[in-house]
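Have the sequence and the model side by side as you read.

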Amino acid sequence: MAGARLSVSVSRLFRRLEPLFSSRHYCSLASPCAVSYSQYGEPSKVLRFLTDVDVPDVRDDQVSVRMLAAPINPADINMIQGVYPIKPPLPAVGGNEGVGEVVSVGLQVSDLQPGDWVIPADSGWGTWRTHAVCPASELRKIPNDIPLEAAATLAVNPCTAYRMLSDFQHLQPGDTIVQNGANSGVGQAVIQIAAARGLVTINVVRNRPDRSSYFELEMYLKGLGGHYVITEEGLRRQDFRDIFKRLPRPKLALNCVGGKSATEILRHLETGGTMVTYGGMSRQPVTVPTGSLIFQDIKVVGYWMTQWNKRQTDSQESSEMLSTLCDYVRQGKLQAPSNVQVPISDYMAAINSTRDAFSTKKQILTMSS
């Protein structure tokens, strides 16, 4: 839906969210642009590509930001559909994650300066745009010496992986974890962070239509540091159970699929282990055997990064997490997920690729021409 020009009245409505753009041209078009929606629904029907947005002056407590890159995550699509727990007021700009560069700051802003890289402090900020003006409090500063794609994808998947590996079990080098959806963005981050900590990962993925594509995925995940890669079907085979003759049973299971997959990884936990659910891609409920709760003392919990961020705004723990993750990136221990960089004007093709059930590449919107 390209080239829609904002009327003065629509432009005023946009000021409700401060999705305000600089007159500098970093879009492939000749004007600042954004991917926006004014009603919830299927992205192909409700998203519009907006240009020629009026720009206000930067107020004393505000920052002008030039967006550099922003990924497309499943939660972004759910938010547009109106089925995500967070519903930004409309009209809204798509995207929850991304990295931008500070262009200018207001007189009262002391902790940011031009040239700094920043990421949104919370969900619903609207990253699929070329420029924005917002209060400085809505942004977090990150180092600008890491690769752009790593910075753009830092706030959601690596942070989710980091917290789940830190907050639910006391894990020591040599301990084992099991996860499904291992080829997801979070799954790839789990593999790398776990490897950096000396943990053994068992990584469950869906079977592929042909052996060669499965082998390619297996080699990729092992290249990230994954120790074992198996299919959903493989979880139920005797040769998989034999793994635990030489490995300790997992203390931690990470579930983003639900349904039978969740039940299967839970069955392999050691007594006192924990399963953390952070997604439900199968849209099937999580079923827990009664015996696992009573006789094995298995704990079943949920995790949502957005909720953690709300409780830990500007906390030392949050700063230490970002610092550690950036250190991992510099040391080559954490890389961005395999990705394709797409001009923002081709947003719909990138969304369609994100929804491909067997896609292993993150779609990242780029803002420069």
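Is Thr 153 buried or exposed? Thr 153 is buried, because its relative accessibility is 3% and the cut-off for burial is under 20%. Please keep in mind that this is a predicted model.

**Around Thr 153**
- You will find Thr 153 in the loop that runs between helix 4 (148-152) and helix 5 (157-167).
- Leaving aside residues up to four places away in sequence, Thr 153 is in contact with Pro 71, Glu 97, Pro 158, Ala 336, Pro 337, Lys 362 and Ile 364.

**Aromatic pairs**
- The model has 5 aromatic pairs, counting rings with centres within 6.5 Å.
- One of them joins Phe 49 and Tyr 347, whose ring centres are 6.1 Å apart; the planes meet at 20°, so the pair is stacked, the limit for stacking being under 30 degrees.
- Phe 240 and Phe 244 make an edge-to-face pair, with 5.5 Å from centre to centre and 80° between the planes.

**Charges over rings**
- Arg 129 sits over the face of Trp 125, at 4.2 Å from the ring centre.
- Arg 197 is placed over the face of Tyr 162, and here the distance to the ring centre is 4.9 Å.

**The second largest pocket**
- The second largest pocket holds about 320 Å³ of space.
- This pocket is lined by 17 residues, and those closest to its centre are Tyr 214, Val 229, Ile 230, Arg 237 and Asp 239.
- Three elements each give at least two residues to the lining of the second largest pocket: helix 7 (211-224), strand 12 (228-231) and helix 8 (238-241).
- By residue type, the lining of this pocket comprises 7 charged, 6 nonpolar and 4 polar residues.

Technical notes. Residues numbered from 1 in each chain as written. Predicted model: local features only at pLDDT ≥ 70, side-chain atom pairs only at ≥ 80, totals over all residues. Heavy atoms only, no water. Phe/Tyr/Trp six-rings, centres within 6.5 Å; stacked < 30°, edge-to-face > 60°. Lys NZ or Arg CZ within 6 Å of the ring centre and 35° of its normal. 1 Å grid on protein atoms, 1.4 Å probe; cavity = no way out; pocket = protein on both sides within 12 Å on 5 of 7 lines; lining within 4 Å. Points joined across faces, edges and corners; volume = space filled by probe spheres on them. Helix = DSSP H or I, 4+ residues; strand = E, 2+ residues; numbered from the N terminus. Nonpolar A, V, L, I, M, F, W, Y, C, P; charged D, E, K, R; others polar. Buried < 20%, exposed > 50% of the residue type's maximum accessible area, 1.4 Å probe, protein only. Contact = heavy atoms within 4.5 Å.
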